[in-house]
Each structure stands twice: as C-alpha cells, then as structure tokens.
Amino acid sequence: MALNRKIAYIDLTTGDIQTKAIPLEVRKKFLGGRGLDAYLLYNHTKKGCDPMGPDNALIISGGILTATCASATSRTHVMAKSPLTGMLGSANMGGFFAPELAWAGFHHLVIKGKAKNPSYIYIHNGEIEIRDAGGIWGQSVTDAQWAIRQELGDEEVKSCVCGPAGENLVRFANVMTGVKNAAGRTGMGCVMGSKNLKGVAARGTMDIEIAHPVEALEYNKSFISQITSAKVSQTQGTLGTPFIWGATNSWGGVRTRNFQYNQCEYSDDIEPERIDEICEETMGPYHMTGCFGCQVHCRAQYKIPEGPLAGRYEEGPEYTSLGAFGAETDTPRALTVLTGNHLVDQFGMDNLETGSLISWAMELYELGIITDKQTDGLDLSWGNDEAVLEMVERIAYRKGFLGDALADGGIPASKKIGKKSFDYLVQVKGMSNLHSDERATPALALNVATASRGSDHLRSRPAIDLYHLPEEVLRKIYSNPVAYDGPLSSEHTEYIGKPWQVFWQENLYMGVDCLGICKYHTVFLGVTLPTFEEWSKVLFLNTGIEMSPEEIWQVAHRCNMLERLFNLREGLQRNDLEKGDMLNHRYFDEPCRRGAVDVIGTMIDKKKFIKMVDELYGHQGLDKNGVPKPETLESLGLENEPSHLV
Amino acid sequence: MAKILYVDHEKCTGCRLCELVCAVSHDGISNPARSRIRVLKWEAEGIYIPMTCQQCQDAPCLNVCPVKAISQDEELGRVSVDYNTCIGCRSCVSVCPFGAMNFNATDRRVLKCDVCDGDPQCVRFCDVKAVEFIEAGEVAIRKSRKAAKRVSDAGRQAADLQAQI
C-alpha cells in the first residue's frame, strides 16, 4: 500500500541507515512529495547550516500517489538548503525514478553527512546499501546511470545522479534521471556532489495495493480523457514544450539579450515547428516520449544533426533551452540550442541558470564591465554561438576566471566582477529568472518575485492569465475550492485580482507536487484540467484517505507556509534585492521594446507591484514584512515547528 | 477469427501505463512485476518495445507443460493456464522464446497475458495505439500497405530524379 512506504534516513559519514514508517497524521498534514520534504527539511536542518556541508539534508522523494493507479505520477522531488540561494532548494523532475523508489519500499530519503569516498546508494526491495562509486565518478549523467546498471547487472535499475557539474560543485548543478529529466533548479546536484554522492539507484518489485482498484482504474480512464481531450495537451504531445516558447515569443514575453529586449527576432530556426522537423528527420515520425504513466508525452527525441557532436541522441529541447541558448544569448539557431541542451544534460547543470548567466556575462562584455582579460580571450559578443557553447563547458568544469565565477551563481559572481554588474543580473533570491520576460504581465512578475525557491515559473505562475479568459470563467476556476469574491481581470497587463490568482496557483502547484503528479496535468497551461476536486477522488480511490478538496487546499497552504518559514529562518527579508521578494530594477525602469501593441512600452509599475505583494501577503496570512501572523500558523497547525513528528 | 494483440513499437512512447493498468486490473495491485506486458527499453537510443504473449499456435509453453495445465482457447485466441492443474514447475517460463510467461514470486505462480477476456486494458489505455487488439489478417494487410507506400514513395522519388536529369 502507498501509505506503508517509508522514510529512510541515511548518514553518509557514519554509514548509519534508519527507516521509519510515516504516521497517518503526518500524511494528512503534509501528504507527501514536496510538502513532506519541506517538513523534513525544516525539521532536519539547523538555521544557517552550510548548504555544501555534511549537516545539510538532501531529501529525495515521490508523492503520496507515486506509482499508484493515478495518471502521470512520475515526479521525483529533491529538496535541500540551496547552495545557490542559501535558502530553500527544491526541484522536481519526471522520468521513472520515483515510481521505482516506491516499488522498492520508500517514498522519502533524507541523506545527510558526507561520504569518505565517492559513493552511490542502492535501494532494492526495502534494503539500502552504500556502494563505492570510484569507477563512476567523473562520468556524464547518462554514462553514470548505464554504468550503475552494468555494475548491478540489472537493466531495470533506475537512478538519479549528479553529473560532472555536481562533482565540481557548480552551485546550480542538477540531480538527473534518464537522458534529460532534471531536478534542475537551486543546485540540488551540487548538494549531492558535496556529499561525495554520485547518485541513488533503485530497483523494486514490492506490491503497492490500491485501496479501490476497480474504481481507481475506471477513474484513471476518465482522468486521462480529461487531460488528453484538452487542446493544449495535444499540442504539447506533438510539438513538446517549445510550443510555449513560440507562443510567448510571438507577443513579446521572451527575454532576449539578457534583458535588453522582450522578443527574439529572426528566430525561424528555433520555432517549435522547425525543432519538430529536426526531431522527425533524426528520429522518425514517432519521436515523442513520455514519463511514467503519462499520456501527454511532451518530451521530444532528437539526434544532433551536425557539428562535432553530430549523431548524439538527446531528448528535448524544452522551451527553457530555446530561451537559454537561443534568445537570451541572441543565438537563435537550432544547432546551438540542440547542442547546448545536450551539453547541460550531460554535465548535469541547470539550463535556465546557465543560459541566463552566460547572457548576463555577454551584456557585461558589451558594456565593458568585463573584458577579454576576464574571459581569457573568449569573444563574448551577442550571437557568438561557439562562445556560448564554450562557456557551458567552462562553467561545468570551472575553467578560467569567468567559468569559475559563474559556477558560483550570479550574486557571488557579481561580487567578484564588481562595478555595476549586479544591476544587470536578472534574479530573485539569488536564482536567475527563466527566459521569460514578465514586464508586460504583472501577475507573472508577482509570481517570480515571490516564488519560494527564487525566481521561478513553476511555483505560482498563473500562466492562463495570458489567455484573456472571460471573467466568469476565471471566477469559476479561482473560486474553487475556497470562495473568492474579490476582483478578477481578463487583461494580462492589469494588476487587479492578480495576487489572488498567484496565491491560488501557489496552492495548486504545491498540491500537485505533494501528490507526485506532473503540473501539465493540472491548471498550469490547460484551463479544463483536473484540480482539487479530482485530486480528492483520486487520493481516496488509491490510498483510502478521505480528504475534501478544501482539506487538500489547506495542506498545500500549510506546506507553502513551511517553505516560507524555512526561507525566513535563512534570512528572507521582503525588499532585499538578494534575499527578498523583490525584482531587479530593470522591471520598473526599462520598458518593453518589442512585441504586441499592448506589450510594447510596458513595464512594471513599482507602486502597484508593492501593493500586489501586500495583497498577496494578506491572502497568504503574512504581515506586511512577509512574516506569518501567529493566527495563520495556528490555523495551519504550524505554531510548534519544528515539531519532529518524523 | 480471433483477435490478436498487435504491438507497433515505433509508436510506443515508453510511458509504461500498460504495465500499470495490467497489474491493477488483474491483481488490484500496482507492480510492474505483476504485469503481463512489459516495455523493454534502450534509453540511450530512445527505443521502447512492449513485449507480451504472442498466443502461439504451436505454443512451447503448452507443449512443455507436464500436467497439461495450458490449453488453446480458440474462441478468444489465447493460450490459457488452468491454475487448478498448474503445479508451478515453471517449465513454461524457461521455454517461452519471448519471455512472456512470467513468474510472480509473491503469489508463487506463473502469469501470462489472457487478453483480459477480450477487452485488453493495455489497449484501452494506450492513447498512441502502440498496442492494438485487431484481427490477425488486419495486421498483415496494414504491414503490406506500409511497405507498399515505401515502394510507391521510392518510385515517385525516382521519377522526380529522372525528370531533373
């Protein structure tokens, strides 16, 4: 049964391994996945712990529904204190690892300490073993996984590993599984590398009983139909996520030349249809693949068509790679994007952070803030494809002044570079923004400013705000499962009602992350996809836990508050440019220079932005400084944290 | 004529939902080890191939069974195991050339595809139609059409080249 999946506490320093059952009261409070991870992190780390020291806890988990008869429960969640931001580190990936972990008997791994020698953890049907990884250390993300299989003599083993970037303590290194599934933000691979841990391998054949199997199977059928009948899912299933990039770029929501423009011109070579053509040419007509149990199959497959790496198999590119290695660096060429995507996947490094930092360096180079001296002679002019790809490798292996500086992340690099470099760094809480430009979309700007893991789109982005939905449709969506009768606006350039949308999405995404389901199976891009009501049913049928949609909402709010508590403990201050809920000045000072008529000339109005943050804090139950009010903590049952229940 | 499970592996996205629904519909349990269909993968090349029982006409499992627990079910076009007779010797597991006869260590019994008594759940859930339940004759004509199209396309390309010269 899903509910008897355990937590394993693994100390790499001593080799001590403890396993514990998860009490039902803990399940009901935090469900699983990211929510329970947040609880474990808050309880098992101390204030101010060194993110790359043995006291940091690397937590790897599946959701409460992982590997049950629910749709797309593929997600693996990874949490730790972030070496990039010094605050919450949290990243989520698809693939097949978390289900295998669940079949091997575990939902959560809490890994502390530091191994004496390079090691990996092998989990097999309830047993846990720490093994030598001497022969695997240094290998790429995929080579390491195939080597682990070979060593264990089992082709069905699933692993999540760090690549060379994690070993080299690049502060935005990924934990990855499969060819390209990446827990890619906030440097979870760096934490793994800092523990001398190459990865975790799992193999399981333990039964997971389904509480109501007949009904769960039938409900899953209708759940899947609800997802596959949405046009947006069908488009994702044919063009993959690049379609989002294409759509966003068309109206002017894509960062270009770091933050100079909001639209990439001359981008025909990286439009989604072009990328799809290359995938078809190199992999045939059926070139889409999917994660565990998912019928959206949004992941494309391709082989690098030409150049020195021609013929290499890769998956993606996701829309983030189009932004990172196409628009931001002004290199809108398929070969650069496809090669860059492959390199970061092999090195195990966040494509968003990598592309953003390279484009930042390119702007500094244009401004003369850095020169050939800092770049070791590399010409970092806009549009220099070779320089972009060279920088990817320099960062992964910390080569040269700039490669080494950028590998530490934007804020530390800005301190090394000095001058006015920090002003041009588009980040929140020390994490670079993704490739999207939110100057014309206040709701999205509010999202990146207040996201718990630093600038990010997957924590609270009301992406459907861009659809200009009629107010009555918005009301139907955003008044469930808790009532909301405040204002809502169909205009994506408006400020009214957006804080509620951000708050609602924040709870929605936390909910889906606790369950272990992919965000593409909820109201992220598709308006008609399942939310709290459907989750209540799917949770009951698979686990027997009866929770109303409102109760799941409450869990999500509670878990978000735990993440807030963690960030406050580690130094979050509302308006701090390095550790706060604040945007780079360019959002308020530099208007959009390209795009649709209602986008061109727009930027974020700082006064209205501050008011939005106030309003959001109000919905969340925080005071004006962004600190939870005592009554909020009490209503969420968090007044005694850390409470050490598990 | 009975239908067969036809696998077009090129269409398979490798999601393994078929394994999940197979195990849940038969045993009420999620566990790929209980699935009668398995997706074999070569992830480094992006190749995924679902494998299941071919319901052979001259079935090695049937032939090898020492207690005649395995029989042909003409109506449903399947090879069936009678668990009342089966002694669990696993000779059938050893002899199956496709690895489609499996053994569940928890229940201590063999398991194989029974085409869900005519409504295979793997087919019902596979949105990309990598697994289909169709007449055996239909498979051949589909493959012929696909091959014929290749010939036809090649002919057209040759004609185009001719025209350019």
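The C-alpha centres of domain 1 of chain A and domain 3 of chain A lie 27 Å apart. Domain bounds come from an automatic or database domain assignment. The model is predicted: local features need pLDDT of at least 70, side-chain atom pairs count only at pLDDT 80 or more, and totals for chains, interfaces and linings use all residues. Residues are numbered from 1 along each chain as its sequence is written, and chains are lettered from A in the order in which they are written.

**Exercise 1.** Describe the side of domain 1 of chain A that touches domain 3 of chain A.

Solution.
- Step 1: 42 residues of domain 1 of chain A are in contact with 30 residues of domain 3 of chain A (contact: C-beta atoms, placed from the backbone, within 7 Å).
- Step 2: Elements giving two or more residues to this side of domain 1 are α1 (24–30), α2 (33–44), β4 (76–81) and β5 (88–93) of chain A (DSSP runs, numbered from the N terminus: helices are H or I, at least four residues; strands are E, at least two).
- Step 3: α2(A) gives the most, with seven residues.

**Exercise 2.** Describe the contact of chain B with chain A.

Solution.
- Step 1: Chain B supplies 23 residues and chain A supplies 32 residues.
- Step 2: On the side of chain B, α1 (17–27) and β2 (29–30) give two or more residues.
- Step 3: α1(B) gives the most, with five residues.

**Exercise 3.** Which strand of chain A is joined to β2(B)?

Solution.
- Step 1: Strand β13 (residues 208–209) of chain A is joined to β2(B) by two bridges (strands pair if DSSP finds at least two bridges between them).
- Step 2: The two strands run antiparallel.
- Step 3: Ile29(B) in β2(B) has Glu209(A) opposite.

Definitions and conventions: Two residues are in contact if their C-beta atoms, placed from the backbone, lie within 7 Å.
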